[in-house]
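Open the model in your viewer and keep the selection tool ready. The tour goes stop by stop.

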Amino acid sequence: MDKLIDTNRAKELRQLIERSSKIVLTCHVRPDGDAIGSTLALWHLLHTLGKEATVVVPDKAPSNLAFLPGFKEIGVFTCHPKFCETTFAEADLVICCDFNTPSRQDMLAPVMLEAKATKVLIDHHQEPDDFTSLVFSYPDMSSTCELVFRVIAAMGLYGEVNLDCATCLLTGIITDTRNFSVNCKHTDLYDILMRLLEKGVDKERIVKEALSTRSLSSLRLEAYAISEKMEIFPKHKAALITLSKEELERFSYERGDTEGLVNRPLEVRGLVYSIFMREDADCIKVSARSCEGFPVSEICKNLYGGGGHLQAAGGEFYGSLEECRKLLIDNMENYDKYLRKGKY
Ligand code: 5GP
Ligand code: MN
């Protein structure tokens with residue numbers, strides 16, 4: 001099970017943990033189930049080991065993750081900047097989860113980089129930047145939570161995984177694979193699922209809380225977005241949804257309300273990629289998903305300074321929603337070469 005993980009590196013991490021007295025666990029901005037799941041899972045593990053640990057995140061996590069044990073103890077930089085700065089400054093070990101470049105931490109990035117602590121990266125995104133002294137980077141894995149499980153096992157600490165830790169791990173696996181419907185080809189993942197179920201994890205509750213519970217207004221927003229705002233580009237096998245600030249306000253938008261929306265157009269046979277653009281307070285947030293190996297990560301990297309995975313990526317655009325939309329439409333034909341000819 002843990003064969004994939006470099007044993008020496010796992011040993012090194014275990015020694016670092018044993019030697020450290022104050023440990024910070026941190027993740028990317030707009031944290032999702034995998035970011036919160038992986039940091040909180042390690043937080044529970046470290047508590048079991050008798051360590052002082054704190055999860056510090058750049059900004060608030062969506063309320064669909066509030067059921068996770070330890071959620072209330074998370075330090076949110078945008079809410080408590082002084083506390084978060086002190087926590088980083090006093091740490092002797094910082095473990096960065098689920099991001100591959102400091103800029104994914106937004107305003108928290110300089111705080112993390114300036115910390116004197118030894119830094120470790122545990123992540124499943126492509127091409128990580130060199131900003132930590134120890135790296136666990138496995139882009140083939142379904143989720144950072146899958147990777148954290150394997151790293152824990154490779155450190156010989158599987159026995160210390162309690163129900164709370166297991167619940168957090170399975171939440172990240174379930175959200176990143178959309179309940180085992182994408183990125184879940186490797187049979188090992190089901191072995192891990194079994195091990196977590198053996199720890200007593202309530203999988204049905206995780207699916208219900210993390211993926212299948214929402215507000216009425218968010219359901220209405222999704223229906224509106226699909227019926228009124230979805231553009232289809234048949235030649236490019238693409239769908240585009242844009243939502244302006246005004247439209248979001250009309251549906252009482254809250255963080256997390258559009259989670260999953262970008263996947264919906266891919267339910268239509270023949271569509272290969274889907275892009276969603278949301279006008280946030282500071283930028284246009286771009287989200288992209290694809291199938292058939294179409295590299296939406298390229299679109300996000302080239303047009304929106306972002307990245308992610310081949311079939312699930314994102315980026316940010318600084319300008320108007322209309323400019324952001326036009327940039328995509330003007331460039332769509334450059335990506336036609338990745339469409340599989342005659343497949344449909
Ligand atoms: P989402 O669409 O759920 O926000 O993100 C999908 C994937 O793209 C995630 O793996 C996420 O880490 C990555 N991603 C999202 N936004 C950005 C971004 O602004 N920059 C980079 N480099 N990756 C992003
Ligand atoms: Mn992830």
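A residue counts as buried when its relative accessible area is under 20%. Keep in mind that this is a predicted model.

**Stop 1: the metal site.** Select the manganese ion (ligand 2). Which protein atoms are its donors? They are D34 (OD), D98 (OD), H124 (NE2) and D176 (OD), at 2.2 to 2.4 Å from the ion. Along the chain, the donors of the manganese ion follow the spacing D-x63-D-x25-H-x51-D. Now pick out two of them. D98 sits in the loop between β4 (93–97) and α4 (109–114), and D176 in helix α6 (residues 163–176), so this pair ties together parts 78 residues apart in sequence. Both D98 and D176 are buried.

**Stop 2: a helix pair.** Select α2 (residues 33–48) and α5 (residues 144–154). Their axes are 8 Å apart and the packing angle is about 25 degrees. The two helices are therefore roughly parallel to each other. Show side chains at the contact: D34, G37, S38, L42 and L45 come from α2, and T144, C145, V148 and I152 from α5. Of these contact residues, five are nonpolar, three polar and one charged. D34 is also a donor of the manganese ion.

**Stop 3: the sheet.** Move to the open sheet of six strands, in the order β7-β8-β9-β10-β12-β11, with mixed pairing. The edges are β7 (230–233) and β11 (307–308), each pairing on one side only. Zoom in on β10 (residues 284–290) and β12 (residues 312–317), an antiparallel pair with six bridges. Here I284 stands opposite F317 in β12.

**Stop 4: helices on the sheet.** Finish with α9 (residues 216–228), lying across β7 and β8 (238–243) and running at about 125 degrees to β8.

Notes
Residues are numbered from 1 along each chain as its sequence is written. Chains are lettered from A and ligands numbered from 1 in the order in which they are written. This is a predicted model: local features need pLDDT of at least 70, side-chain atom pairs count only at pLDDT 80 or more; totals for chains, interfaces and linings use all residues. Side-chain values use heavy atoms; hydrogens and water are left out. Axes are lines fitted to C-alpha atoms, for helices over the stretch in contact, and angles run from 0 to 180 degrees between N-to-C directions. Helices (H or I, at least four residues) and strands (E, at least two) are DSSP runs, numbered from the N terminus. Angles under 35 degrees count as roughly parallel, over 145 as roughly antiparallel, 65 to 115 as roughly perpendicular and the rest as oblique. Contact means heavy atoms within 4.5 Å. Ala, Val, Leu, Ile, Met, Phe, Trp, Tyr, Cys and Pro count as nonpolar, Asp, Glu, Lys and Arg as charged, and the others, Gly among them, as polar. Donors are N, O and S atoms within 2.8 Å of the metal (3.2 Å for Na, K and Ca); water is not among the atoms, so sites may look incomplete. Buried means under 20% relative accessible area, exposed over 50%, partly exposed in between (1.4 Å probe, protein chains only). Two strands pair if DSSP finds at least two bridges between them.
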